[in-house]
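Trainee: Before we look at anything in detail, could you show me how to read burial, contacts and interfaces from a set of coordinates?

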Amino acid sequence: MRCRSVLITLTVLAITFGWTSPVSRLCAQDQDKAASEFKFNDIDRQVLEDCNAIDAQYGKKGLLLQDPDLQAYLDSVGKRVLGNRPSPEQVQFKFRALRDPMVQAFALPNGSVYVTTGLLSLLESEAQLAGVLGHETAHVFERHGYLENRSVRKKALTINILQIVASAAPVGPNFSQAALLFGAAVQLGAAVSSQVLVASIFGYSREMERQADSDGLKAMTAASYDPTAMARSFQLLDEDSKLEYEPFQGFYRDHPKLTDRRTFALAYATTNKPANPINGAEKDFLGKVTPAICADIESDLNSRRERTAVDRATRLTSLFPDVPKYQVLLADSYRSLGAKAKIPSDDERNRHGQAEHRKEYFSMTQQEEQKRLLGKPDGPATLQANRTQAETLYKSVLQSDPTYSQAHRGLGFLYEDEGKYADAAVEYKAYLDLVAGTSIDHLRIERRLAAMQKVASLSITH
Amino acid sequence: MRLKVEVLLAAAVCAVVTVGAYATTPSWSYEHPKVLKGEFQIKSACMMPAEAKLSRLGMKGKEGMSKESDDWTTTLANLVEAHLKTAGVQLLPATDAGANAASDDEIRQVILQIEQKYGDIAGKLNKKPKDIAKARFTLGDEVALLPCAAKSDVLVFVEGEGKVLTGGKKSMGFLVGGPNSASNATLILTMADAKTGEIIGFARLSNAESFGTKFVDQSEQTFGKALDKQFNKMRIGLYLDKKKH
């Protein structure tokens with residue numbers, strides 16, 4: 001019996017490592033190949049074609065933030081980070097702001113570098129942006145997209161072959177015990193080696209990220225940016241991830257841990273700081289990326305990321321307190337919070353709380369979530385506090401400029417939510433008078449006004 | 001002799017299953033009771049930009065099919081529009097500015113905003129489409145921001161998702177079995193009240209077939225009949241009058 005167990009174990013090990021090690025070796029060879037030795041094959045050309053199609057799709061769908069000043073700014077920082085390095089074959093670097101509330105940046109192998117409005121609204125300085133662009137351009141220079149695709153294809157082929165082998169393993173009453181044991185070993189071996197291969201795909205990806213961090217730090221330092229800024233951006237990403245529930249949290253992560261990346265960047269910065277490093281003041285940076293922040297707040301509000309919206313709008317109003325647009329955005333964000341607290345409680349932040357909320361996020365609609373929050377002991381008080389905050393902000397804007405239409409509109413929504421229909425009607429009318437049919441949402445407001453007047457007339461009749 | 005009979009029987013079953021997969025497109029739809037009762041009539045529709053995605057699944061994993069996806073998007077949009085027109089529904093594209101002075105970019109941003117809202121409920125809607133009857137899903141009255149919504153009864157969302165298996169993957173599917181043993185395509189239609197944003201109809205049409213990529217080239221044959229069947233069930237356009245008679 002003991003002998004048989006040993007035999008099975010040996011078989012499993014043989015199958016596992018017999019299959020996986022040649023593939024791992026092949027993939028490692030890819031990884032070691034210098035980017036300069038890279039030669040296009042048919043599959044790479046297909047990837048390139050897909051990337052060009054993705055670029056076209058983003059443009060067609062209106063996902064690219066079209067603001068000439070912001071575009072010029074992104075181009076200037078990108079150009080500085082690139083320095084005088086020649087672009088690799090089939091690469092044309094383009095830096096673009098993507099309308100997406102998720103905090104991320106990515107580069108396509110054809111040289112298109114996308115920074116989401118979510119990330120632009122989180123960063124604090126030009127040096128941090130330079131770090132992001134340095135990291136992303138490193139992926140392009142090192143041909144990571146193509147190499148990863150090649151590696152994944154090899155591993156996928158192996159996993160599929162393993163599945164075929166496992167399906168051919170002897171199973172059923174017609175086989176001898178030894179054959180059945182061998183079959184079980186083959187199936188177990190196939191399952192284990194598939195998992196090893198999946199894990200190695202993520203491991204390879206993490207390795208590429210480390211290399212991009214390292215190359216990005218070198219590029220930003222060469223452009224005279226302060227490399228500690230990259231460490232700070234990792235810290236910001238880490239802190240920000242606790243504000244909303246991450247929609248997906250897989251078992252395998254394709255990026256190294258943020259704390260490790262921060263430590264690495266800090267270690268690099270201690271020995272490689274340029275003589276007069278550029279960092280850039282937060283106010284200057286925010287002044288340049290405000291179109292992205294405003295677009296992001298609107299996307300956050302449409303994607304149930306109200307806490308992030310409050311956070312970003314608060315940053316804008318604290319640095320530019322006299323701009324009514326930002327005050328109204330903050331008021332809109334507080335109004336949209338409803339019965340949700342602007343910062344997650346300790347219970348929500350722990351592992352169990354996050355898992356619970358993630359589950360609720362996927363199973364509940366926004367209305368159902370609000371209903372649940374209102375049922376909590378502190379729900380009604382939180383709702384009232386958020387509404388008061390929103391009302392104060394709207395009123396403060398109208399005090400300085402009574403003709404600011406968006407504040408009337410926001411107050412109308414707020415009063416309607418509170419059931420103060422007469423007040424809401426006054427605000428809606430003021431809004432409609434000010435925009436005089438030119439606004440895209442006048443029809444929506446007219447309908448709301450008509451519906452409320454109907455309710456009011458009904459209540460008078462009764 | 002007995003073995004021969006078994007082999008023949010197995011072959012017959014395979015043939016029936018294969019022909020069945022070719023010939024029929026299983027489809028389901030869920031509607032709000034007010035649509036079924038005829039209280040909400042669908043005679044005009046604003047077509048949101050269609051979105052269809054195809055991917056090739058081979059032994060070496062998944063590959064994008066960007067060009068084919070673009071073509072399929074156009075095909076599906078045209079297909080749904082043609083069948084709605086046949087049902088007597090007047091159509092407007094979501095990008096239509098009408099009498100509104102909104103710029104193209106403004107309209108594109110409103111479309112994005114509505115798509116973001118749709119993205120938030122799409123998962124829940126797919127999971128429990130029956131809840132449409134409880135008026136559980138809404139896009140909010142932001143739908144009225146679209147100029148075309150003023151002249152339409154519903155907004156129509158068209159989505160497609162398809163997997164095209166390579167020869168190797170099909171052979172593997174034959175040997176191993178499992179969910180990835182045939183190419184398949186799904187067409188999803190969602191209808192939202194153009195005034196309130198409430199979701200009032202949802203239809204899912206799926207087709208799996210074992211040979212070729214016919215569902216891409218011949219979408220009419222694949223989905224045409226099933227679409228008419230669902231439009232009839234949802235009492236869209238002329239189908240409402242037909243039922244009255």
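Mentor: Let us begin with burial, for which a residue counts as buried if 20 or more other C-beta atoms lie within 10 Å of its own. Please keep in mind throughout that this is a predicted model.

Trainee: Why is A:Val113 classed as buried?

Mentor: A:Val113 has 23 other C-beta atoms within 10 Å, and because the cut-off is 20 or more, it is classed as buried. The residue sits in strand β3 of chain A, which covers residues 112-116.

Trainee: Which residues does A:Val113 touch, if we leave aside those up to four places away in sequence?

Mentor: With that exclusion, A:Val113 touches A:Gly78, A:Phe93, A:Lys94, A:Phe95, A:Ala107, A:Leu133, A:Glu136 and A:Thr137. As for distances along and across the chain, A:Val113 and A:His139 are 26 residues apart in sequence, while their C-alpha atoms are separated by 10.0 Å.

Trainee: Into which domains is chain A divided, and how many residues are in contact between them?

Mentor: Chain A is divided into domain 1, residues 2-272, and domain 2, residues 305-461. In the contact between them, 6 residues of domain 1 meet 11 residues of domain 2, and the domain 1 side divides into 3 nonpolar, 1 polar and 2 charged residues.

Trainee: What can be read from helix α10 of chain A about burial and about a kink?

Mentor: This helix is mostly covered, with 16 of its 21 residues buried. A kink of about 65° lies at A:Val289, shortly before the proline A:Pro291, and just after the helix A:Arg304 takes a positive phi of about 60°.

Trainee: Finally, how many residues does each chain bring to the contact between chains A and B?

Mentor: Chain A brings 28 residues and chain B brings 33. On the chain A side, the elements giving two or more residues are α2, α6, α10, α14 and α19, and α6(A) gives the most, with 8 residues. By class, that side has 8 nonpolar, 12 polar and 8 charged residues.

Methods: Residues are numbered from 1 along each chain as its sequence is written. Chains are lettered from A and ligands numbered from 1 in the order in which they are written. This is a predicted model: local features need pLDDT of at least 70, side-chain atom pairs count only at pLDDT 80 or more; totals for chains, interfaces and linings use all residues. Domain bounds come from an automatic or database domain assignment. Two residues are in contact if their C-beta atoms, placed from the backbone, lie within 7 Å. Ala, Val, Leu, Ile, Met, Phe, Trp, Tyr, Cys and Pro count as nonpolar, Asp, Glu, Lys and Arg as charged, and the others, Gly among them, as polar. Helices (H or I, at least four residues) and strands (E, at least two) are DSSP runs, numbered from the N terminus. A residue is buried if 20 or more other C-beta atoms lie within 10 Å of its own, exposed if 12 or fewer, and partly exposed in between; C-beta atoms are placed from the backbone. The bend at a residue is the angle between axes fitted to the seven residues ending there and the seven starting there.
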